[in-house]
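Dear colleague,

Please find the structure we discussed below. My notes on it follow.

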Amino acid sequence: MTITNSVTYKGYRAFYGCSVTSVKVHWNRPLAVGADIMSDGYDGTLYVPKGTAMMYMAANGWSSFAHILEFDDGEDSHYITIRMGDGGVQKQLVEVGQTYIYEIKADDGWEVNTVSFDGKDMTSQLLNGQFSTPVITGNAELNVVFRQIGSSIKKCRQ
């Protein structure tokens, strides 16, 4: 069972007699509940946000869980998704407020056709095979498309 942080009240004996094996809460501080929130000797696991386990272990009602474990959903984590012309995809963890430099090299017989960042053409920003991102403000996407050197499409006679 997952309880989002939009829930602000847990009723009398909210889990009493339930066969719930785990409860995941998203409150950074334990919601005030009575000691009778569940049956005595509850063998379930309570998952709490990273850094809050000690508060839950000391909190009335919540301390009844046999196991209290922390989770990190990565809600504060941000990624650059890198998409390459061959269909390859890579995700890189990044930090908001930083810039990142990527070396972009084409295989023999190929060249970089376009570089885009968050949907904006940034090909002109590719200098000496390196691309520097704008300042990271959240999740982002870097797309690189290659083209074969000397390839073209010609109209044939009918």
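Predicted model: local features only at pLDDT ≥ 70, side-chain atom pairs only at ≥ 80, totals over all residues.

**Around Thr-52**

Thr-52 touches Asn-28 and Glu-70, leaving out residues up to four places away in sequence. Thr-52 sits in the loop between strand 3 (45-49) and helix 1 (53-58). Its relative accessibility is 4%, so Thr-52 counts as buried. A polar atom of the Thr-52 side chain lies 2.6 Å from the backbone oxygen of Pro-49.

Pro-49 also has a place in a sheet. Its bridge partner in strand 4 is Phe-71. Strand 3 and strand 4 run parallel and are joined by 5 bridges.

Ala-59 is buried, at 14% relative accessible area. Ala-59 and Pro-30 are 29 residues apart in sequence, yet their C-alpha atoms are 6.8 Å apart.

The parallel sheet is open and has 4 strands, in the order 1-2-3-4. Strand 1 (2-3) and strand 4 (67-71) stand at its edges. Each has a single partner strand, so one side of each has no neighbour in the sheet.

Another open sheet has 5 strands, in the order 6-5-11-8-9, with mixed pairing. Here the edges are strand 6 (89-94) and strand 9 (120-121). Each of these two has a single partner strand, so one side of each is left without a neighbour in the sheet. Strand 5 and strand 11 pair in the parallel sense, over 5 bridges. Met-84 stands opposite Val-144 in strand 11.

**Cores**

Which residues have the most contacts inside the largest nonpolar core? They are Ile-80, Tyr-102, Ile-104, Phe-117, Phe-131 and Leu-142, in a core of 15 residues. Strand 5 (78-84), strand 8 (110-117) and strand 11 (140-148) each supply at least two residues of this core.

Leu-142 is worth a look on screen. Leaving aside neighbours within four places in sequence, Leu-142 is in contact with Ile-80, Thr-81, Ile-82 and Arg-83, among others. Its contacts also include Tyr-102, Val-115, Ser-116, Phe-117 and Phe-131.

**Salt bridges**

How many salt bridges does a search of the whole structure find? It finds 3.

- Arg-83 pairs with Glu-141, with the closest N and O atoms 3.1 Å apart. Arg-83 lies in strand 5 and Glu-141 in strand 11, so the pair ties together parts 58 residues apart in sequence. Arg-83 is partly exposed at 34% relative accessible area, and Glu-141 is partly exposed at 27%.
- Arg-147 and Glu-111 meet through their side chains at 2.6 Å, N to O. This pair links distant parts of the chain, with Arg-147 in strand 11 and Glu-111 in strand 8, 36 residues apart. Arg-147 is partly exposed at 40% relative accessible area, and Glu-111 is partly exposed at 30%.
- Lys-105 forms a salt bridge with Glu-103, the closest N and O atoms being 3.4 Å apart. Lys-105 is exposed at 62% relative accessibility. Glu-103 is exposed too, at 53%.

Best regards

Technical notes
Residues numbered from 1 in each chain as written. Heavy atoms only, no water. Core = buried A, V, L, I, M, F, W, Y, C linked by side-chain atoms within 4.5 Å. Buried < 20%, exposed > 50% of the residue type's maximum accessible area, 1.4 Å probe, protein only. Contact = heavy atoms within 4.5 Å. Polar contact = N/O pair within 3.5 Å; in protein donor to acceptor, adjacent residues only side chain to side chain. Pairing = 2+ DSSP bridges. Salt bridge = Lys/Arg side-chain N within 4 Å of Asp/Glu carboxyl O.
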